[in-house]
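Subject: Structure handover

Hello,

Here is the structure for you to look through. My notes on what was found follow below it.

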Amino acid sequence: MIAITSGLNTPPIRRLKRTWEQVGQRYMAQFGACEMTIDSNKNFTKYRQLMASVNPPCVPFIGVFLSTLQFIQDGNPDNLPGGLINFRKRQKASEVISDIKRWQTQSFNLQPLPLVLGFIEESLNQFSDTRASSDHFWALSLEREPREREDEKMARLLQESGFL
C-alpha cells in the first residue's frame, strides 16, 4: 500500500489534474483513506493502530520498524549513571524485534497466478534501468497532459468555476 500510494504521489503522476478528475469518487475516497493510514505524522500513529488490529499473515512496512529501532538506538543511552547497563533500551528493541517476528509466524498460502505474474513481468520489462529515470516518467507525464499556457489555464479555471 505504501509503495502504490507513494508512486501515485510522485510529481509526474500527481500533476495529472485532468486525469485525476476522471477517477471516480469511490476510488479517490479509498486512495485518501490509504494516504491517511500511511501518513508519517506522529510516528505513523494511524498505521500502527491499524496494524495492531491485523492478524498475521501480513507484510508490514519494515520502514516503520527500522525507524523505531533507530529512534531507540539514538535516543537512549547504552549505560545508565553508575555504569549500569540500560536494560530498558534493550527491552524496547526486543519488543520491536518480537513484533517483526510476529508477522513471520504464519506462512502465506499464496498460489502463483500466471496472468498476474505475466502482467507484472511485462510491466517491469517495459522500463529498463536506462529508461526508468525520473526524466523519463516526467516526459511521459507531459505527453499525457501537456503543460497549459497561462491563458488556457485561466480560461479553464474560469469555466470550472462557472464564470464562462
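Trp103 is buried, because its relative accessible area is 4%. Buried means under 20% relative accessible area, exposed means over 50%, and partly exposed lies in between (1.4 Å probe, protein chains only). Look for Trp103 in the loop between α7 (87–102) and α8 (114–125). Helices here are DSSP runs of H or I with at least four residues, strands are runs of E with at least two, and both are numbered from the N terminus.

Before you go on, note that this is a predicted model: local features need pLDDT of at least 70, side-chain atom pairs count only at pLDDT 80 or more, and totals for chains, interfaces and linings use all residues. Residues are numbered from 1 along each chain as its sequence is written, and side-chain values use heavy atoms, with hydrogens and water left out.

Back to Trp103. Which residues is Trp103 in contact with, leaving aside its neighbours within four places in sequence? They are Met51, Val54, Asn55, Pro56, Cys58, Pro60 and Phe65. Contact means heavy atoms within 4.5 Å. Arg102 lies over the face of Trp103, and the distance to the ring centre is 4.1 Å. A charge sits over a ring if NZ of Lys or CZ of Arg is within 6 Å of the ring centre and within 35 degrees of the ring normal. Glu21 is elsewhere: Trp103 and Glu21 are 38 Å apart in space, C-alpha to C-alpha, and 82 residues apart in sequence.

Arg15 also has a ring to look at. Arg15 lies over the face of Trp138, 5.5 Å from the ring centre.

Next, the aromatic pairs. There are 3 in the structure. Rings of Phe, Tyr and Trp (its six-membered ring) pair if their centres lie within 6.5 Å; planes under 30 degrees apart are stacked, over 60 edge-to-face, and the rest tilted. Trp20 and Phe31 make a stacked pair, 5.5 Å centre to centre with 25° between the planes. Trp20 sits in helix α3 (residues 17–21) and Phe31 in helix α4 (residues 25–37), so this pair ties together parts 11 residues apart in sequence. Both Trp20 and Phe31 are buried.

Phe44 and Phe61 make a tilted pair, at 6.3 Å centre to centre and 55° between the planes. Phe44 is in helix α5 (residues 41–52) and Phe61 is in the loop between α5 and α6 (62–75), so the pair ties together parts 17 residues apart in sequence. Phe44 counts as buried, at 14% relative accessibility. Phe61 counts as partly exposed, at 31%. Phe44, Tyr47 and Phe61 form one aromatic cluster.

Now find Glu145, in the loop between α9 (134–144) and α10 (150–160). Is Glu145 buried or exposed? Glu145 counts as buried, because its relative accessibility is 5%. Its side chain makes a polar contact with the side chain of Thr19, at 2.6 Å. A polar contact is a pair of N or O atoms within 3.5 Å; within protein, one must be able to donate a hydrogen and the other to accept it, and residues adjacent in sequence count only if both atoms are side-chain atoms. A polar atom of the Glu145 side chain also lies 3.3 Å from the backbone nitrogen of Arg18.

Best wishes
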